[in-house]
Amino acid sequence: MTANTYPAARLDRKRAALLLVDHQVGLLLGVHDHDQEELRRNVLALAKIAKAQDLPVIVTTSADEGANGRLLPELQALLPGVRVVRRPGEIDAFDNAEFEAAVRATGRDQLIVAGISTDVCVAFAALSGVAKGYQVHAVLDASGTWNALASQAAALRMQAAGVVLNSTVAVAAELLHDWREQGGAELAGIFAEHALPFYGSLVSFVASQPEPAGV
């Protein structure tokens, strides 16, 4: 069994931290490998999942006073107490000393990474994280890039280096482990609002059913 196989790589709320890299309004406009609105919904879901599971969250932006634009305002509103590491020029977030120190200060050994773009900001941070000894999960549906080919190349490169490729819903489920645990009820609402729109109908249907009669 290798370090990035399940269950060795199974996410744990006591070991994981969330890294959000360059979810900026200007960069989002350039995403064309999948739906921009889906990406936006998924990164908001990740932020809410992290709060529900008490995960440390580190947010970083690149040249946010220029064309890349500011951090998504909805994301900023969800994470009012989180310090944003504003990188003046470093492309790989781990090349920024403040960012690396913030990650190290979490004391966590599992990193959940999402960002724009998948083939640059996500891939470079994920590859550096693995090289530094972290177990890294790249959340592909909360990340995006300029075309599908670039996304596929990034996924292959990360996977070859030992990065676990993951999705928003799978990350949430791995962290939760059991619907009866901390955050289970809240997670159903997050799915319904953001990651799985059909889930709202499912929850409403279940809630509308009569309680089973006593025996």
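Which strands does α2 lie across? Hold that while I set the ground rules. This is a predicted model, where local features need pLDDT of at least 70, side-chain atom pairs count only at pLDDT 80 or more, and totals for chains, interfaces and linings use all residues. Residues are numbered from 1 along each chain as its sequence is written, and side-chain values use heavy atoms, with hydrogens and water left out.

Now the answer. α2 lies across β1, β2, β4 and β5. It runs at about 150° to β1. Angles run from 0 to 180 degrees between N-to-C directions, with axes fitted to C-alpha atoms, for helices over the stretch in contact. Helices here are DSSP runs (H or I, at least four residues), strands likewise (E, at least two), numbered from the N terminus.

Next, the sheet. Six strands form an open sheet, ordered β3-β2-β1-β4-β5-β6, with parallel pairing. Two strands pair if DSSP finds at least two bridges between them. β3 (84–87) and β6 (164–166) are the edges; each has a single partner strand, so one side of each has no neighbour in the sheet. Twist averages 25° from one strand to the next. Look at β4 and β5 (residues 135–139): four bridges join them. There, Ile112 has His137 in β5 as its bridge partner.

Back to α2. The helix has 17 residues and reaches 24 Å from first C-alpha to last, close to the expected 24 Å. That expectation is 1.5 Å times one less than the number of residues. Asp35 caps the N-terminal end: a side-chain oxygen sits 3.1 Å from the backbone nitrogen of Glu37. After α2 comes Asp54, with a positive phi near 60°.

How many residues of α2 are buried? 12 of the 17, so the helix is largely enclosed by the rest of the structure. Buried means under 20% relative accessible area, with a 1.4 Å probe and protein chains only. Arg40, Asn42 and Lys48 are among the buried ones.

Last, the core. A nonpolar core is a set of buried Ala, Val, Leu, Ile, Met, Phe, Trp, Tyr and Cys residues joined through side-chain atoms within 4.5 Å. The largest has 35 residues, and those with the most contacts inside it are Leu20, Leu75, Leu79, Ile112 and Leu175. α2 gives the largest share, eight residues. Another core, of 23 residues, lies apart from it and includes Tyr134 and Val136.

Finally, Ile112 again. Not counting residues up to four places away in sequence, Ile112 touches residues including Leu19, Leu55, His137 and Leu175. Contact means heavy atoms within 4.5 Å.

Technical notes
Buried means under 20% relative accessible area, exposed over 50%, partly exposed in between (1.4 Å probe, protein chains only). A polar contact is a pair of N or O atoms within 3.5 Å; within protein, one must be able to donate a hydrogen and the other to accept it, and residues adjacent in sequence count only if both atoms are side-chain atoms.
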